[in-house]
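The sequence and structure come before the notes.

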Amino acid sequence: MMRSTQRLNAHSLTAAKWIDHGAIQLSAALPELLKLWEQERLLTPLDRHFALQMSQLHPSDGQQPLFILLCALLSQQLSSQHSCLVLAHIMPLNPMAEQTSHCKISLSLEALTQSLQTFDAVGIAGSNKPLIFDNGRLYLQRYHQFETSVAASLIRLSGAVSEHVLEHVSVDTHAQDQIKDTKLRSRLDQLFPANALADHELINNENAAIIDWQKVATATALGKKLSVITGGPGTGKTTTVTKLLLLLQMESMQEIRLVAPTGKAAARLSESIKASKARLAKELNAHADIGANNQDFLTALGRIPEEASTLHRLLGVIPNSAHFRHHQGNPLRLDLLIVDEASMVDLPMMYKLLSALPKHASLILLGDQDQLASVEAGAVLADICAGLKIPADPNHPIPNNNFLNNNELNKSPQWQMRYSKEQAERLCALTGFELTPYISDVPKLGDSLCMLMHSHRFKGDAGIGLLANAVNRADLQGIMQVWQQGPAELSWLEHSMLVSQTQAKVNEPANNTGLNLLLEQACNQYGDYLRALNHAVDNNDLGTRPSTADIIERFNQYRILCAMRSGDYGVEGINQYVTQALANAKLIKPLQEFYLGRPIIIQSNDYNLGLFNGDIGLILQDEDKPERLMAHFIKADGSLLKVLPARLPSHETCYAMTVHKSQGSEFSRVALVLPPNPSLAQWQLLTKELVYTAITRAKTHFTCLGTQQVFERASSQVTQRASGLADRLWSNNSQTSSLAS
Ligand SMILES: Nc1ncnc2c1ncn2[C@@H]1O[C@H](COP(=O)(O)OP(=O)(O)OP(=O)(O)O)[C@@H](O)[C@H]1O
C-alpha cells in the first residue's frame with residue numbers, strides 16, 4: 001500500500017496548467033495521472049502497468065500520450081469484463097470518467113480513428129500486431145482472435161446439419177424439402193403429446209395453431225450441429241434435452257458428454273437429468289398409447305448419461321498452465337456435447353471449447369440469457385441471443401410481427417424466434433406446428449436458436465416468478481406492484497438507518513433493524529442443520545445425527561446473497577454479522593478457525609485435492625473418527641469428499657456469498673442484501689441481471705434487505721458488455737450494423 005504522504009493530490013493536479021499534446025491535453029505528466037487513476041480505483045495496477053509497458057511500442061513523439069491513454073482505457077475495459085474498447089464510447093472531455101477530469105481528447109471520432117490507424121502497434125484484422133482495430137473497436141490481439149474464431153465456429157456449426165440426424169431424416173430438396181422419415185415425427189408426437197399442454201403455456205399465432213416450443217427446440221437440436229436452448233429457470237430446458245437424448249439413444253449409440261462451468265452447476269445438471277429421466281419413465285409407463293414403442297423408449301431412457309463434469313475437467317487441466325490437454329490439435333472424443341449454464345461461459349473459455357470440439361460433433365448450449373454475464377470477459381450467450389431481441393425502437397418494427405397480439409407481447413415482450421424459410425418448413429414437417437410467422441431474413445444462426453418462455457416452476461401469479469419477470473423487463477411499476485401485493489413468497493426488509501442529510505457516513509449497521517431482522521432469519525434458517533450437529537455432540541453419539549449428505553442438504557436450503565464482496569453489506573461484513581449472531585444464539589462456537597458447522601467456499605482450484613473455485617463444504621465431525629473435524633464436500637457425481645481443514649486451498653466463510661458465485665445453484669430460500677448507500681464503484685455492480693439472478697436462485701421464498709431506491713435503480717441498470725460478437729453473428733452484411741454495444 002502506498003503511504004499517505006506518497007499519495008498524489010488530485011486537487012493540486014486539477015489546479016495545474018493543462019499540458020497540450022496536440023491530440024490530448026493533460027493536467028500532469030501521463031505516468032503521474034496513471035498513478036492517480038490507480039489510486040482512485042479508476043484503473044487497476046495491471047491496467048497501469050500494461051499502459052506503461054505498451055508505451056515502449058510507440059516512439060516518444062507527440063502522439064505517444066494518446067497511444068498510452070488508449071492502452072490504459074483498453075486494459076480498463078478488459079478488467080471490467082468487456083472484450084474490447086469501442087472508440088465511439090470514449091468521452092472526449094472526460095475519458096476516464098472521473099469526478100473532475102484530468103485529461104481531454106481534442107479529436108473528433110473520425111480523427112481519433114485515423115490517428116489510431118497510424119500507430120505502429122495497431123493493425124487491422126488478420127495482422128500480427130499486438131493491438132487490432134476492427135470496425136470501430138480496439139482489441140488486444142488475443143481477444144480479437146477469440147471473438148472472430150468463436151463467431152466463425154458458431155456460424156459454421158449453425159450452418160451444418162447434424163450427422164446423427166442425417167441418418168434418419170433425409171431431406172429431399174427437389175420435393176420442397178419434405179421430410180421423408182415419418183418415424184422421427186411420430187416419436188416426437190409421442191414424447192410431446194398435444195394434450196399435455198396447458199392453456200397457459202401455449203402461444204397462439206393468428207391461425208390459432210398451438211406451438212409447443214419444447215418440441216420445436218428438440219426438433220431444432222435434432223437437425224442442427226449447433227442448437228441453443230435458452231429460457232429462465234424451470235422453463236423446461238433439462239426436460240427438453242432429456243427427451244432429445246432419448247430420441248438420439250433410440251437410434252444409435254453416441255459418445256455424449258454433459259458439462260457445466262462449475263462443479264456445483266455440473267452436480268445440479270446431473271441431478272436434473274436424473275429427475276427428468278425419472279419423470280419421463282413415469283410418463284412413459286403411464287401412457288399405454290405409446291404401446292409397442294414403450295419398451296424401446298424405456299430401454300433407451302436407461303442409456304441416457306447422467307454424469308456431468310466441469311468444462312475444465314472435460315478439456316483436461318494441465319497443472320500450472322493456462323492450456324488444456326484438448327485443443328484443435330488434440331480434439332475431444334465425443335459426438336455430442338451439452339453445455340449447461342452457458343451464460344457463465346466467458347469468451348476465452350468458449351474459444352477453447354469450440355477449438356477442442358471435433359469437426360463432426362454437435363453442440364447444445366443451455367442457459368438463461370438474462371442471467372448475470374460471465375465473471376470473465378464477454379457475454380457470449382447474450383450475444384448469441386442478441387438477434388432475437390425485439391427492438392425497443394418503434395421506428396424499427398419487428399419483422400413479420402403481425403402475428404403478435406397484445407397478450408403475447410405481455411408474455412414475451414423481449415424476444416422472438418427467427419427462422420429461415422427452409423428451417424421453418426423443416427421444423428413444421430417434424431413438429432406439425434405452423435412456423436411461417438416466424439420466418440425472418442436474419443443469418444442462419446437464428447435456425448439454431450429456441451427460447452422457452454413459460455416457467456413451469458414458478459406459478460404465474462406467485463411472487464417469485466412475477467418479481468423475476470418484472471425485474472427482467474426492468475418494469476419499475478410492475479416491480480412496485482408485486483411488492484405492494486405482498487405475496488407470501490416474498491419478504492421485504494428495509495434498511496432502517498439511512499444516511500442522514502448531515503451525516504457523511506452510513507449509520508452503525510448494528511442499529512439497522514432491517515439487518516437485525518435478516519440476522520434473526522439467518523439464525524432460524526441455519527439453526528436447522530446446526531441444531532442437528534449440536535445434538536449429536538451433546539449426546540456424544542454421531543449415530544443420532546442425520547447423514548453428512550442430509551446435513552449438507554439442510555444447509556443448502558437457505559443462502560444469503562450479497563451484491564458485493566467488501567463492506568458491511570458485502571459478503572465479508574454479512575458473514576461476520578451472521579457468525580456473531582449464530583454464536584450469540586449458541587448455535588456455533590467459533591472459538592477456533594475451523595469450528596463445527598462452519599460453511600466454507602473454496603476460492604482457488606486445487607486439482608490434486610479435486611477442489612475448485614466455488615465449491616462449498618461444511619466443517620463436520622468425521623463419521624469414521626468423530627473426534628476429528630474435516631471439511632466435507634459433495635462432488636459433482638454425488639460422492640463425498642473429506643479434506644483435512646489444514647490442507648484446504650484458499651477459502652472463506654459462506655453463510656453469505658456473492659450473487660456471482662451463486663450462479664448455477666438454487667436454494668429453497670434466498671435473502672439478497674443490497675447496500676443502503678452504494679458508492680460509485682458499487683453502483684456499477686448493481687444491475688438488473690444481478691437482481692434477476694438473485695431472485696431466480698430462490699425456489700420457495702425470496703427476501704430482500706434493501707431500500708426501494710436501490711432496488712429500483714439496480715433493476716433498471718442493464719449490463720452492457722462491449723463486444724463485437726453479436727455483430728459478427730447477426731449482421732447480414734457482416735460487421736456493419738451495430739447490434740452490440
Ligand atoms: N411441458 C411441461 N409440462 C409440465 N411440466 C413441465 C414441462 N416441462 C418442464 N416441466 C416441469 O418443470 C420443472 C422444471 O423443468 P426443467 O428442470 O426441465 O427446467 P429447466 O429450465 O431445466 O430449469 P433450470 O433452469 O432450473 O435448470 C420440472 O418439474 C418439470 O417436470
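C562 has T658 in β25 as its bridge partner. The model is predicted: local features need pLDDT of at least 70, side-chain atom pairs count only at pLDDT 80 or more, and totals for chains, interfaces and linings use all residues. Residues are numbered from 1 along each chain as its sequence is written.

**Sheet**
- Strand β19 (residues 558-562) pairs with β25 in the parallel sense, over three bridges; pairing requires that DSSP finds at least two bridges between two strands.
- Five strands form an open sheet in the order β18-β27-β26-β19-β25, with parallel pairing; strands are DSSP runs (E, at least two residues), as helices are (H or I, at least four), numbered from the N terminus.
- β18 (490-494) and β25 (656-658) are the edge strands, each pairing on one side only.
- On average, neighbouring strands of this sheet are turned by 25 degrees against each other, direction ignored.

**Helix pair**
- Helix α18 (residues 463-472) packs against helix α25 (residues 688-696) at about 165 degrees, with the axes 9 Å apart; axes are lines fitted to C-alpha atoms, for helices over the stretch in contact, and angles run from 0 to 180 degrees between N-to-C directions.
- α18 and α25 are therefore roughly antiparallel (an angle over 145 degrees).
- I464, L467, A468, V471 and N472 of α18 meet K688, V691, Y692, I695 and T696 of α25, contact being C-beta atoms, placed from the backbone, within 7 Å.

**Annotated span**
- An unreviewed UniProt entry lists residues 40-139 as "domain: RecBCD enzyme subunit RecD N-terminal"; such annotations may be inferred rather than shown by experiment.
- The end C-alpha atoms of residues 40-139 are 25 Å apart, and the span is 37% helix and 14% strand.

Methods:
Parallel < 35°, antiparallel > 145°, perpendicular 65-115°, else oblique. Contact = placed C-beta atoms within 7 Å.
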